[in-house]
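Have a look at the structure first, then read on.

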Amino acid sequence: CMYQTEALNTAMNVYQGMASSAKIAFFDIGMNDPDEDLSLPFELGEFLFPPAYEAGARVHSNSWGGGYWYDSYCRETDDFLFNHQDMTILFAGGNDGTNGVETVLSPGLAKNVIAVGCTEN
């Protein structure tokens, strides 16, 4: 935490840890409905990533995915990352690990993202 004076900073931050000045920005894309749907903007590079970037985030984690091909979400994400090379965007790899070529979902298929997955083995 950052306090108004250096003396308060020293006194209040005795145990600073690894990232004592770290901040988190949280953006909810859920809809308030019984189906628990997500409300995704079509233009991720215009409406999803810029608010986080402007808030100072340089790591953007996303636990959602969609189709099985390189689609507009992939293109939007790759374009944003090409223009903001100090940012890292992660996506869930998908929940269909036994489906062969349909295992990893978009936008985890984008060329400049990190797709995160796991295995039961």
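A residue is called buried when its relative accessible area is under 20%, exposed when over 50%, and partly exposed in between (1.4 Å probe, protein chains only). Phe91 has a relative accessible area of 1%, so Phe91 is buried. Bear in mind that this is a predicted model: local features need pLDDT of at least 70, side-chain atom pairs count only at pLDDT 80 or more, and totals for chains, interfaces and linings use all residues. Residues are numbered from 1 along each chain as its sequence is written, and side-chain values use heavy atoms, with hydrogens and water left out.

**Aromatic rings**

- Rings of Phe, Tyr and Trp (its six-membered ring) pair if their centres lie within 6.5 Å; planes under 30 degrees apart are stacked, over 60 edge-to-face, and the rest tilted.
- That rule gives five aromatic pairs.
- One of them joins Trp64 and Tyr73, edge-to-face with 5.8 Å between centres and 80 degrees between planes.
- Trp64 and Phe91 have ring centres 5.2 Å apart and planes at 90 degrees, so they are edge-to-face too.
- Trp64 is buried as well, because its relative accessibility is 8%.
- Phe42, Trp64, Tyr73 and Phe91 make up one aromatic cluster.

**Charges over rings**

- A charge sits over a ring if NZ of Lys or CZ of Arg is within 6 Å of the ring centre and within 35 degrees of the ring normal.
- Arg58 does this with Tyr53, its charged end 3.6 Å from the ring centre.
- Lys111 has its charged end over the ring of Tyr70, 5.0 Å from the centre.

**A cis bond**

- Between Ser106 and Pro107 the peptide bond is cis, with omega near 0 degrees.
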